[in-house]
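Here is a friendly walk through one structure, meant for reading beside the sequence and the 3D view. Please keep both open as you go.

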Amino acid sequence: MSAVLQETGVPPATARRTGEVILDLKKISLSFGGVKALTDISFDVREHEIRAIIGPNGAGKSSMLNVINGVYHPQQGEIVYRGVPRRGMNTYDAARSGIARTFQNIALFKGMTVLDNIMTGRNLKMKSNFLLQALYWGPAQREEMAHRREVEKVIDFLEIQHIRKTPVGRLPYGLQKRVELGRALAAQPEILLLDEPMAGMNVEEKQDMCRFILDVNDQFGTTIVLIEHDMGVVMDISDRVVVLDYGRKIADGTPDEVRSSQDVINAYLGVAH
Ligand SMILES: Nc1ncnc2c1ncn2[C@@H]1O[C@H](COP(=O)(O)OP(=O)(O)OP(=O)(O)O)[C@@H](O)[C@H]1O
């Protein structure tokens with residue numbers, strides 16, 4: 001077990017139970033002009049699983065996440081979510097159907113408080129119309145209070161009560177990343193996509209983030225798909241790992257299987273194809 005996880009006390013991935021396939025990506029190909037970002041990639045994600053996507057820089061990891069949540073539409077292939085093929089799914093459809101994500105570069109409202117930023121994660125769940133919200137009257141008031149209670153639960157879960165009224169821009173990087181996770185959790189997603197959740201963090205911040213990711217998975221049953229460059233973290237917390245290189249899948253399996261793959265070793269050592 002890596003230094004990052006030594007103090008979390010969370011059971012290893014092998015001790016967790018995963019369910020049926022919830023997301024099935026079939027022969028996905030995506031190009032930008034002449035650049036082939038993804039070529040013929042297939043893999044699935046099981047319910048309650050922590051599934052990592054790894055690979056060297058430019059391998060196509062972020063493009064893959066962007067395909068899953070509808071930012072990019074692949075020229076070929078199919079995405080099946082809960083048994084239903086999703087063609088032309090946009091980001092709104094993805095969010096409505098329970099797919100939330102965080103970004104490689106923090107995308108928060110820096111001048112707004114932690115509480116208000118996390119509250120934006122509830123937007124899709126709000127029912128009352130603009131006029132009622134503007135008047136803050138009757139049903140809108142009750143609905144707002146219900147949303148605030150949910151947000152407070154997320155704040156307690158992430159142990160950020162002490163900074164709930166602090167503008168996000170004043171927080172250290174590691175805490176901003178935690179707030180971004182909070183905003184995604186406020187949407188109560190079924191699948192959480194995390195794009196480099198530990199990037200730029202020190203060891204202590206990584207330990208905290210690992211613990212929260214594992215707790216989200218464990219306590220809420222959330223399925224997690226993550227891109228991460230820290231191999232110690234990936235190998236410790238993931239159930240299965242898919243490896244991309246130059247837009248192609250070169251390995252897919254348990255951390256042990258992937259670690260011993262010669263193709264993966266070559267890709268990371270930069271051996272020419
Ligand atoms: N919007 C875009 N327009 C043109 N090319 C793009 C676009 N997005 C990604 N690419 C290209 O697609 C390829 C895969 O990029 P992608 O960002 O998905 O890789 P990555 O594995 O996430 O890389 P990194 O680890 O550096 O973030 C690269 O060659 C990249 O330049």
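In which strand is K27 found? K27 is found in strand β1, residues 21–32.

## Before you start

What you see is a predicted model, where local features need pLDDT of at least 70 and side-chain atom pairs count only at pLDDT 80 or more, while totals for chains, interfaces and linings use all residues. Residues are numbered from 1 along each chain as its sequence is written.

## The chain as a whole

The protein chain has ten helices and ten strands. Both kinds of element are DSSP runs numbered from the N terminus (helices are H or I with at least four residues, strands are E with at least two). Of its 273 residues, 39% count as buried. A residue is buried if 20 or more other C-beta atoms lie within 10 Å of its own, exposed if 12 or fewer, and partly exposed in between, with C-beta atoms placed from the backbone.

Two residues are in contact if their C-beta atoms, placed from the backbone, lie within 7 Å.

## Around the ligand

The ligand is surrounded by F32, V35, A37, G55, N57, G58, A59, G60, K61, S62 and S63. The elements that give two or more residues to this shell are β2 (35–46) and α1 (61–68). The largest share, three residues, comes from α1. By class, the shell has four nonpolar, six polar and one charged residues. Here Ala, Val, Leu, Ile, Met, Phe, Trp, Tyr, Cys and Pro count as nonpolar, Asp, Glu, Lys and Arg as charged, and the others, Gly among them, as polar.

Let us pick out S62 from this shell. S62 sits in helix α1 and is partly exposed, with 18 other C-beta atoms within 10 Å. Not counting residues up to four places away in sequence, S62 touches Q104, D195 and I227. S62 and I227 are 165 residues apart in sequence, yet 7.6 Å apart in space, C-alpha to C-alpha.

The domain assignment gives domain 1 (1–98 + 190–273) and domain 2 (109–188). Their contact takes ten residues from domain 1 and ten residues from domain 2. On the domain 1 side, α2 (91–96) and α7 (203–220) each supply at least two residues. The most comes from α7, with four residues. That side of domain 1 divides into seven nonpolar, one polar and two charged residues.

## Helices α6 and α7

How do α6 and α7 lie relative to each other: roughly parallel or roughly antiparallel? The axes of α6 (residues 173–186) and α7 come within 10 Å and cross at roughly 10°, so α6 is roughly parallel to α7. Axes are lines fitted to C-alpha atoms, for helices over the stretch in contact, and angles run from 0 to 180 degrees between N-to-C directions. Angles under 35 degrees count as roughly parallel, and those over 145 as roughly antiparallel.

In this pair, G174, K177, R178, L181 and L185 in α6 meet E205, M209, F212 and V216 in α7. By class, the contact has five nonpolar, one polar and three charged residues.

## Residues to find in the view

Strand β1 holds both K27 and I28. K27 is exposed, with 12 other C-beta atoms within 10 Å, whereas I28 is buried, with 25. Phi of K27 is near 50°, a positive value in a residue other than glycine. I28 is in contact with L38, I41, V67, P74 and G77, leaving aside its neighbours within four places in sequence. I28 and Q76 are 48 residues apart in sequence and 5.6 Å apart in space, C-alpha to C-alpha.

Q188, in the loop between α6 and β7 (191–195), has a phi near 50°, again positive in a residue other than glycine. With 16 C-beta neighbours inside 10 Å, Q188 counts as partly exposed. P167 lies in the loop between α5 (139–157) and α6 and is partly exposed, with 15 other C-beta atoms within 10 Å. P167 touches K110, G111, M112 and T113, not counting residues up to four places away in sequence.

Terms used:
Near = placed C-beta within 6 Å. Domains from an automatic or database assignment. Parallel < 35°, antiparallel > 145°, perpendicular 65-115°, else oblique.
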